[in-house]
Amino acid sequence: MVTAVQMLPMAGGILSISSRLVRTLKLNPRQRFSAVSRFSSQSLSGEQFPLSNVLRRYGFPPRGITDFLSKYRKFMLGLCVHEVEQSLRILSSSLKIPQESLIPMLFECPAVLELDFIKKWQGIFCDLALPDVSPVGIANMIMISKRLEVKPDGFLRNFQALKCLGVGEATVCRILEECPRAILTVKDREIYGKVDFLEGIGVQRNRIDWILYSFPGILGLDLEGRLKQLLIEFKQLGLGEDLIRKEITREPRILSMELGELSRCMNFLWSLRCREAIRWKIFDKGALQAGFQVKIRVDCLCRYGLIHRDAFTVLWKEPRVILYEMEEIERKIEFLINRMKYDIESLVDVPEYLGVNFEKQIVPRYSVIEYLRSIDGLGDPIHLRELVKFSRLRFYNFYVKPYPECEKLYGRFSVRKDKRGHPVGLWKLFKPQKFPMSEEELRDMRSFMESLGG
């Protein structure tokens, strides 16, 4: 028989549970689990739990506190509450990490709350005095350092190596934000080796800073297995050292290409079947630059979900995409996926979508289709091919002309033009101007006419 009151030992002392709660816990397993979960959640986020109060003061929402302490309960209970508060104060006040970055960082890596660890980073950033480094970059550095168990001393040596090479403060800040893993994991001798590699191909020392700023990821690339092999591949394709140096100085991201990637892009370019005018524009800045433009567009399509084979298919069917700006391509893809709700694979069947004008064709046509769909004016679903490949007049006759309210949405053929060649009253502009004749001119004309009559 269960007694009226039963005493259970807890971490903070003795907790009394009434017989009513004990009877509840003796129900079926599903109800018992629900009651225990509800009880533990209340105990984690209650006012008596010191950690919840500390987290609440630093911006954690109540539901977030419950989830955080439930997920990392064992680790958090092993920390001193006073040290946790000190660590949060350093992160938010000293390192200026905003609340919208602090909370996700703690959810991903709560180990950054260890006081000794965070004090080391506080001392380093205070000594370096880098005002241009964003708080988000600092948060990424600290989180990656703790995950990889990298001591801040290695970062300090790499920072000093960059300063010895004459790298500017803006470049250092960009490296910290863009490639924190590279500057934490590489050795200082590897940084010197990459600078020697660039100088070996003829890049001047005063251009090293520009290359590191434009492509900070070069610090994370392997020198022997990647950069030098990439240089050998460029030379095997018939590119001279002067051209390679010139192109790398102009576009350092060329060094981000994988081994064999340029060869594949060049073979693709030579297989294109397009008008000569388009081909000349593609190769206008040289074969190396043309291959790199193919690479970044393939990467863009793959980021949205296409495989490499389909990405090359899209470019092969619509070569003009190689000439368009990346911002325009990304805007069209975002509109296709988020607004029009088509799959990215639809570009393989209708690559012409990336070649039409966004403001003049895509947006007006979809506005008409969206309106007709809202009033149930469409019988069958509209495929992307019909939306893109219909001529302006055919689209107007199919979807706009039967619905006069769509005239303003479409914006084309909505104004009825006068079939006459000229507007009314234009003949007045061509009427010759009259000049009054003087008496002398009249007298001369009269004498001339009399002479003809005589």
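The largest cavity is lined by M340, Y353, V356, Q361, I362, R365, L387 and V388. A cavity here is a set of points on a 1 Å grid, over the protein atoms alone, where a 1.4 Å probe fits but cannot get out, and lining residues have an atom within 4 Å of a point. This is a predicted model, so to speak of local features takes a pLDDT of at least 70 and side-chain atom pairs count only at pLDDT 80 or more, while totals for chains, interfaces and linings use all residues. Residues are numbered from 1 along each chain as its sequence is written, and side-chain values use heavy atoms, with hydrogens and water left out.

By this rule there is one cavity of 30 Å³ or more. Helix 23 gives the most to the lining of the largest cavity, with three residues, and helix 24 is also down for at least two. Helices are DSSP runs of H or I with at least four residues, numbered from the N terminus.

Now for the open space. A pocket is an open set of points with protein on both sides within 12 Å along at least five of seven lines. The second largest pocket has 18 lining residues, and K285, Q289, Q293, R297 and I322 lie nearest its centre. Helix 18 (276–282), helix 19 (287–303) and helix 21 each supply at least two lining residues, with helix 19 giving the most, five.

Residues 358–374 make up its 17 residues, and it reaches 22 Å from first C-alpha to last, close to the 24 Å expected at 1.5 Å a residue (1.5 Å times one less than the number of residues). Its buried residues (under 20% relative accessible area, 1.4 Å probe, protein chains only) are F358, Q361, I362, P364, R365, Y366, V368, I369 and L372. These pack against helix 21 (326–339), helix 24 (384–389), helix 25 (392–400) and helix 26 (407–410), with contact meaning heavy atoms within 4.5 Å.

As for the ends, N357 caps the N-terminal one, with a side-chain oxygen 3.0 Å from the backbone nitrogen of E359. After helix 23 comes D376, whose phi is positive, near 60 degrees.

How values were computed
Buried < 20%, exposed > 50% of the residue type's maximum accessible area, 1.4 Å probe, protein only. Polar contact = N/O pair within 3.5 Å; in protein donor to acceptor, adjacent residues only side chain to side chain. Points joined across faces, edges and corners; volume = space filled by probe spheres on them.
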